[in-house]
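Here is a quick tour for anyone meeting this structure for the first time. Have a look at it, and then we'll walk through some of its details.

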Amino acid sequence: ILIISIYSLFFSHRMAGPVYRMNVSLDRLIEGDNDFKIRARKSDFFMDIIDKLEKLRKKMGGKD
């Protein structure tokens, strides 16, 4: 049970972290702030969506 609990904790962080960062990034973009970089860890889920959000941010005039 301990091993499953620890794995579940890491698994949930790999999902919740990117969702939170995407939410915050979208809020900033809506407010007109695109001078930031959307980052994620290599082991996070939703990397394809984060990459597309980063491309959109750059297309909107954001700096690298």
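## How the helices meet

Helices α1 and α2 cross in a left-handed way. Keep in mind that this is a predicted model. On the α1 side, the contact is made by Pro 18, Met 22, Leu 26 and Leu 29, while α2 brings in Ile 49, Ile 50, Leu 53 and Arg 57. Sort those residues by class and you get 7 nonpolar, no polar and 1 charged.

What about the geometry of the pair? The packing angle between α1 and α2 is about 15°, and their axes are 11 Å apart. An angle under 35 degrees counts as roughly parallel, so α1 is roughly parallel to α2.

## Charged pairs

How many salt bridges does a search of the whole structure find? The search turns up 4 salt bridges. In general, side chains of opposite charge can pair when their charged atoms come close.

| Asp 44 | Arg 21 | 2.4 Å |

Let's start with the Asp 44 and Arg 21 salt bridge, whose closest N and O atoms are 2.4 Å apart. This pair links distant parts of the chain: Arg 21 sits in helix α1, Asp 44 belongs to the loop between α1 (2-30) and α2 (47-59), and the two are 23 residues apart.

Put together, Arg 21, Arg 41 and Asp 44 are linked in a network of salt bridges.

Is Asp 44 buried or exposed? Its relative accessible area is 5%, and Asp 44 is buried. The cut-off for buried is under 20%, which is why Arg 21, at 24%, is partly exposed instead. Arg 41 also counts as partly exposed, at 43% relative accessibility.

## Far along the chain, and in space

Along the sequence, Ser 12 and Asp 44 are 32 residues apart, and in space their C-alpha atoms are 9.9 Å apart. Ser 12 is partly exposed, with a relative accessible area of 33%.

Phe 11 is found in helix α1 as well. The C-alpha atoms of Phe 11 and Ser 43 are separated by 9.9 Å, and these residues are 32 apart along the chain. At 34% relative accessibility, Phe 11 counts as partly exposed.

## A backbone detail in the loop

One more stop: Phe 46, which lies in the loop between α1 and α2. Most residues other than glycine have a negative phi. Phe 46 isn't a glycine, yet its phi is positive, at about 65°. With a relative accessible area of 29%, Phe 46 is partly exposed.

How values were computed:
Residues are numbered from 1 along each chain as its sequence is written. This is a predicted model: local features need pLDDT of at least 70, side-chain atom pairs count only at pLDDT 80 or more; totals for chains, interfaces and linings use all residues. Side-chain values use heavy atoms; hydrogens and water are left out. A salt bridge is a side-chain nitrogen of Lys or Arg within 4 Å of a carboxyl oxygen of Asp or Glu. Helices (H or I, at least four residues) and strands (E, at least two) are DSSP runs, numbered from the N terminus. Buried means under 20% relative accessible area, exposed over 50%, partly exposed in between (1.4 Å probe, protein chains only). Axes are lines fitted to C-alpha atoms, for helices over the stretch in contact, and angles run from 0 to 180 degrees between N-to-C directions. Angles under 35 degrees count as roughly parallel, over 145 as roughly antiparallel, 65 to 115 as roughly perpendicular and the rest as oblique. A crossing is left-handed if the near helix is turned anticlockwise from the far one by less than a right angle, and right-handed if clockwise. Contact means heavy atoms within 4.5 Å. Ala, Val, Leu, Ile, Met, Phe, Trp, Tyr, Cys and Pro count as nonpolar, Asp, Glu, Lys and Arg as charged, and the others, Gly among them, as polar.
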